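Work through the exercises below with the sequence and the structure in view. Each task is followed by a solution in steps.

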Amino acid sequence: SKTLDHSAWNTLLKKHVDLTGNVDYKAFKADQATLTAYLDYLAHSVPSENWTKEEGLAYYINLYNAATVQLILNNYPTKSIKDIKDPWGKEWVKIGDESYSLGDIEHKILRKMDEPRIHFAINCASFSCPKLLNEAYTAQKLENQLQQASKDFVNDPTRNIISKEKLQLSNIFKWYKKDFTENGNLIDYIKNYSYTDIDQKANIKYLTYDWSLNEKK
């Protein structure tokens, strides 16, 4: 099957996203033509049945993240993705001749691929989201990248505050709970990635989600 070239996206991420996932949207705006060309390239590289699962996941994760950045740039300056009209419902992301919304890509495609770690890889341009990785996902590196994204998110005290007896979790674990609990409870799932030992009877609360733009200050 076809190996996609995600290098243009990789270069943009390296240039405009720091290690904590904050984005220099002002500088990114100057490179928007490159981003548009990459989204066009993805639109013309329609996933097919003979792709591996890794190729498909890398394609849709990168598509989601690149399209989200494009949406912000098209509406820049903005304080939050939520200030943009219908950010997840508007159908404008092209795959072949079809148009999809960001919500379609997340809920109808990615969440059906039986890989809950996508929730730590896709970024909705907000502070409380999992950080935007400053490299493109690729089929070859996908397993390591998803593992790293999961560990980074779970153990990031600005997103989850974890102690043995008490978990203050991101709403991502509440909103998508059923994706994480196919093979056990939520604590079982989080223990796979947590550097802190967690008691099975630990108390769970959820933190307030911060929708402010993940912009480099």
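A crossing of two helices is called left-handed if the near helix is turned anticlockwise from the far one by less than a right angle, and right-handed if clockwise. The model used here is a predicted one.

**Exercise 1.** Describe how helix 4 packs against helix 5.

Solution. 
Step 1. Find the two elements: helix 4 covers residues 53–74, and helix 5 covers residues 102–109.
Step 2. Take the geometry. The two helices pack at an angle of about 160°, and their axes are 10 Å apart. An angle over 145 degrees counts as roughly antiparallel, so helix 4 is roughly antiparallel to helix 5.
Step 3. Take the handedness: helix 4 passes helix 5 in a left-handed crossing.
Step 4. List the contact. From helix 4 come Tyr60, Leu63, Tyr64, Ala67, Thr68 and Leu71, which meet Leu102, Ile105, Glu106 and Ile109 of helix 5.
Step 5. Sort these residues by class: 8 are nonpolar, 1 is polar and 1 is charged.

**Exercise 2.** Describe how helix 3 packs against helix 4.

Solution. 
Step 1. Helix 3 covers residues 32–43 and packs on helix 4 at an angle of about 140°, with the axes 10 Å apart.
Step 2. The crossing of helix 3 past helix 4 is left-handed.
Step 3. On the helix 3 side, the contact residues include Leu35, Leu39 and Leu42. On the helix 4 side they include Leu63, Ala67 and Leu73.
Step 4. By class, this contact holds 11 nonpolar and 5 polar residues, and no charged ones.

**Exercise 3.** Which residues lie closest to the centre of the largest pocket, and how does its lining divide by class?

Solution. 
Step 1. The volume of the largest pocket is about 280 Å³.
Step 2. Its lining has 16 residues, of which Asp114, Pro116, Lys178, Asp179 and Glu182 are the closest to the centre.
Step 3. Two elements give two or more residues to this lining: helix 8 (177–180) and helix 9 (186–191). Helix 8 gives the most, with 3 residues.
Step 4. The lining divides into 5 nonpolar, 4 polar and 7 charged residues.
Step 5. Look again at Asp114: this residue is not a glycine, yet has a positive phi of about 60°. Asp114 sits in the loop between helix 5 and helix 6 (142–154).

**Exercise 4.** Is the peptide bond from Tyr76 to Pro77 cis or trans?

Solution. 
Step 1. Omega is near 0°, and the bond is cis.
Step 2. Pro77 lies in the loop between helix 4 and strand 1 (93–95).

Key
Residues numbered from 1 in each chain as written. Predicted model: local features only at pLDDT ≥ 70, side-chain atom pairs only at ≥ 80, totals over all residues. Heavy atoms only, no water. Axes fitted to C-alpha atoms, helices over the stretch in contact; angles between N-to-C directions. Helix = DSSP H or I, 4+ residues; strand = E, 2+ residues; numbered from the N terminus. Parallel < 35°, antiparallel > 145°, perpendicular 65-115°, else oblique. Contact = heavy atoms within 4.5 Å. Nonpolar A, V, L, I, M, F, W, Y, C, P; charged D, E, K, R; others polar. 1 Å grid on protein atoms, 1.4 Å probe; cavity = no way out; pocket = protein on both sides within 12 Å on 5 of 7 lines; lining within 4 Å. Points joined across faces, edges and corners; volume = space filled by probe spheres on them.
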